[in-house]
Every structure is written in structure tokens, then in C-alpha cells.
There are 2 protein chains.
Amino acid sequence: MDSAELLDLLGNANRRRILRLLSRKPCYVTEISEYLGVSPKAVIDHLRKLEAANLVESRVDEQRRKYFYISRGFRLEVSVSPYDFGTKSAYPASAGLDLTTCRHLSIDMDPGDASDLGELTSDLEQLKRLRDELSLAQRWVQGRLTDVMEDIAERIEGGDARLTVEILLVLADRTADLPEVSRRVDAPPPVVEDVLAVLSREGLVEQTDAGWTLSD
Amino acid sequence: MDSAELLDLLGNANRRRILRLLSRKPCYVTEISEYLGVSPKAVIDHLRKLEAANLVESRVDEQRRKYFYISRGFRLEVSVSPYDFGTKSAYPASAGLDLTTCRHLSIDMDPGDASDLGELTSDLEQLKRLRDELSLAQRWVQGRLTDVMEDIAERIEGGDARLTVEILLVLADRTADLPEVSRRVDAPPPVVEDVLAVLSREGLVEQTDAGWTLSD
């Protein structure tokens with residue numbers, strides 16, 4: 001996975017919108033084209049580029065219609081400073097990744113204290129190591145988030161599993177009232193209300209004065 | 001700082017090359033133009049966009065020539081999964097940032113164990129919180145890296161402070177022989193050798209069988 005290639009792809013607003021849409025549900029070309037207000041030809045062109053970079057894959061359903069979905073996800077980090085231009089891209093790490101060295105990441109250094117060049121250089125070394133560990137930990141977290149969302153989607157009987165996961169994600173972020181949840185998942189309030197009612201019956205969410213929240 | 005705007009800017013290979021060049025040293029338009037093999041007019045156009053986004057600033061030197069440099073740096077993260085499309089951009093965090101909650105980040109969860117929806121939802125919540133903490137910690141690390149590099153540059157007497165910092169950064173990453181260091185900092189071996197000799201006299205680096213390395 002090449003960072004420059006990823007940045008070229010993500011530098012186009014319509015390709016970003018396609019990825020955002022596919023991260024919510026697999027789609028046919030016509031759906032994407034209608035959603036974006038862009039010709040099917042242009043959509044196909046974008047999808048071809050995203051497929052070539054292995055970001056998107058396609059399958060043919062029972063009606064022999066081709067639909068597109070995000071294959072496995074990725075992470076991209078860019079950090080720019082007056083001393084450094086760094087890009088890093090990677091797939092989410094698998095659950096099997098050895099995180100022994102990251103299990104208890106700790107930021108216990110105080111770089112303001114260094115008094116000579118030797119100490120500054122060793123601070124530099126420590127900070128670079130910490131940066132790499134944090135990146136690795138984030139890849140691991142992203143992989144686990146996807147696993148957990150898949151598990152949740154599998155266990156939700158009937159209803160819209162994906163919408164349910166999205167609503168849980170919004171509430172995992174913070175307590176929100178119906179209009180806010182509805183806006184953030186981009187679904188009509190009555191639809192969201194139905195899902196919340198189901199989740200509430202299962203004891204997963206509850207309504208408080210401040211809005212809907214995850215149950216403890 | 002808007003992620004979409006950043007991605008639009010970074011989606012251009014020449015703008016990335018300009019940022020990479022400026023992260024190594026402040027430059028005049030003619031220098032950038034010669035380095036990239038691109039017309040001054042095109043360079044000015046890119047610089048104008050980078051300035052408008054507050055990524056780059058300019059100053060006028062004693063000879064009244066305008067030079068450009070990276071103002072304060074930034075971080076951008078993109079994470080895409082079959083369930084989520086997320087972008088996050090931020091300035092490096094200042095040293096004063098309260099990191100109490102992140103000081104002992106620990107990854108002590110085992111998401112594979114969750115057996116029901118309630119547990120999965122609480123895993124989801126924990127993972128999202130961890131993700132936010134890791135991002136915050138990375139912003140802090142990036143800010144400290146810049147501080148330390150500035151401190152080092154200030155303490156290096158004579159010589160090319162910036163090149164010295166770059167060489168230290170390369171060695172902080174891993175032990176490397178002269179040709180490798182020279183290639184990674186993009187400077188001629190004799191120039192790099194002089195800097196290494198100075199650093200070696202100050203006891204900051206030493207030559208081993210495997211190449212140059214930071215002293216303990």
C-alpha cells in the first residue's frame with residue numbers, strides 16, 4: 001500500500017464521497033451515481049481506480065447486478081512539521097498481532113527537562129519509538145473495531161444490522177437525542193426510533209434527560 | 001483545519017514534494033522551481049494554496065528575497081473500514097496539553113471474549129475511547145518531536161544545524177552506514193561524514209561494525 005497513491009486517490013472529493021457511502025453500505029453503480037449526482041460513467045471511472053488500488057471490491061448478486069463494497073479498509077497518517085514530512089499507510093492490524101510491547105504504552109517522559117545534546121538525542125529516539133508504537137496500536141484498534149462491528153451486525157436479528165451498528169457507534173461516541181442521532185446516521189427519525197426501541201428492549205441503550213445513551 | 005481541504009491539497013504530487021522540501025529547509029521560489037523541475041509560476045500557484053490553508057508561511061530576508069517555510073505543522077489521519085470512513089486533522093498538541101488520561105495508555109482488553117451484544121457494545125465504546133486517546137497522544141508526540149528538534153538545532157554550534165538534526169533522526173530510527181545516511185538525508189557523503197565526525201567528537205554518535213549509531 002503506497003501512501004502517495006492513496007493521497008492521489010483521496011485527493012478527489014467524489015472518490016472520498018464514494019468511500020464514505022460504501023463504508024455505510026455496499027452499493028450498485030446506479031445508487032452511487034444518483035447519490036452523488038454524477039454520471040454513471042464518472043462513477044465507474046472512480047470505482048475502477050479504487051479497485052485497482054485494492055480499496056474496493058465488487059461482487060455480482062442473485063439478480064446478476066454488480067455491487068461494490070470496501071474490501072478490508074486501511075489507515076493513512078500524514079504528519080508535517082518544520083522538520084519532518086512523514087506519510088504512513090497500512091492495513092488494520094489483525095487480532096493476532098503481537099502487541100506485547102504496546103500493552104502498556106506509557107508517556108512518562110518529560111522532554112522539557114533535557115539539558116544537553118546527549119539527553120535531547122535520547123529524547124528524540126524515545127519519541128520516535130513512542131510514535132511507532134502508537135501507530136501500531138492504532139492499527140490494532142482499527143482492526144478490532146471492525147471485528148466488533150461485524151460481530152454486532154451478525155448478532156442483530158432482523159432489522160437493519162448496519163444501521164443498528166451505526167447508531168451504537170454514534171452513542172458510543174456520546175449521548176445524543178433522536179434528531180442528532182438521526183442526522184449523524186443520515187436516516188429518518190422514525191426509522192432510527194424503531195431501532196432505538198429494539199435496542200432499548202434488549203437493554204443496550206436507554207433514554208435519559210440528556211438523550212439516548214449506551215447502558216452501563 | 002479541515003480534513004477535506006487538506007486531502008485536496010495533499011492529493012497533488014508536486015504540492016507534497018514542496019512540503020517535503022520545506023520540511024528540510026526554508027526555500028525561495030527559484031530553489032523550489034529548480035528542485036521540482038516545474039515553472040516558477042506553477043510553484044507560486046501551489047505555494048499560494050498552501051499559504052491560504054495556513055500550512056506554509058513566507059518571510060523576506062535581508063536581500064529582500066521572499067522565502068517560504070512550514071508554519072507549524074499538522075497531522076492528518078484517515079481510517080477506512082467496511083463500517084466507517086473517518087478523517088481527523090489537527091495541529092500538533094502543545095507541551096501544556098493535559099495528558100493525565102493518556103499517561104498510561106493500556107491495551108488490556110481482549111475483544112475476542114465478548115459473548116453478547118451488551119459486551120460487544122461496551123467493547124465498541126472502549127475501542128473508540130482508546131482510538132481517541134491514541135490520536136491525542138500522537139499529536140502530543142509530534143509536538144514534542146518538533147520541540148526537541150528545535151532545541152537540538154539551537155544547541156548545534158556552527159555547521160548545518162538542520163542537516164545535523166536530520167542525521168540524528170535517521171540514526172534514531174536505526175543504525176546505518178555512511179551511504180545509507182547520505183541517501184536518506186539526500187546529502188553528499190563527504191558532507192554527511194563531516195557532520196558525523198563532529199557528532200562523534202561530542203560523544204553523540206559512534207561507529208560500530210553495523211554502521212553509525214546513537215551513543216547510549
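This is a predicted model: local features need pLDDT of at least 70, side-chain atom pairs count only at pLDDT 80 or more; totals for chains, interfaces and linings use all residues.
Trainee: Which element gives the largest share of the side of chain B that touches chain A?

Mentor: The contact involves 78 residues of chain B and 78 residues of chain A. The count of residue pairs in polar contact between the two chains is 18, both residues being at pLDDT 80 or more. On the chain B side, the elements that give two or more residues are α1 (3–10), α2 (13–22), β4 (74–81), β5, α5 and α6 (161–173). The largest share, 28 residues, comes from α5(B).

Trainee: How many salt bridges does the rule find across the interface of chain B and chain A?

Mentor: One salt bridge is formed by R16(A) with D8(B), and their closest N and O atoms are 3.1 Å apart. A pair counts when the side-chain nitrogen lies within 4 Å of the carboxyl oxygen. Across the interface, the rule finds five.

Trainee: Is S135(B) buried or exposed?

Mentor: S135(B) lies in helix α5 of chain B. Beyond its neighbours within four places in sequence, S135(B) is in contact with Q138(A), E77(B) and K88(B). Its side chain makes polar contacts with the side chain of E77(B) at 3.1 Å and with that of K88(B) at 3.3 Å. The relative accessible area of S135(B) is 5%, and the cut-off is under 20%, so S135(B) is buried.

Trainee: What separates the C-alpha atoms of Y91(B) and R139(B)?

Mentor: Y91(B) is found in the loop between β5 (84–90) and α5 (117–155) of chain B, and is partly exposed, with a relative accessible area of 25%. Not counting residues up to four places away in sequence, Y91(B) touches M1(B), R72(B), G73(B), F74(B) and R139(B). Y91(B) and R139(B) are 48 residues apart along the chain, and their C-alpha atoms are separated by 7.1 Å.

Trainee: Which residues have the most contacts inside the largest nonpolar core?

Mentor: The largest nonpolar core has 78 residues. I167(A) touches V181(A), V185(A), V192(A), V195(A), L196(A) and L199(A), leaving out residues up to four places away in sequence. A second, separate core of 52 residues includes L6(A), L19(A), L7(B) and F68(B). In the largest core, the residues with the most contacts are I167(A) and I167(B).

Definitions and conventions
Residues are numbered from 1 along each chain as its sequence is written. Chains are lettered from A and ligands numbered from 1 in the order in which they are written. Side-chain values use heavy atoms; hydrogens and water are left out. A nonpolar core is a set of buried Ala, Val, Leu, Ile, Met, Phe, Trp, Tyr and Cys residues joined through side-chain atoms within 4.5 Å. Buried means under 20% relative accessible area, exposed over 50%, partly exposed in between (1.4 Å probe, protein chains only). Contact means heavy atoms within 4.5 Å. Helices (H or I, at least four residues) and strands (E, at least two) are DSSP runs, numbered from the N terminus. A polar contact is a pair of N or O atoms within 3.5 Å; within protein, one must be able to donate a hydrogen and the other to accept it, and residues adjacent in sequence count only if both atoms are side-chain atoms.
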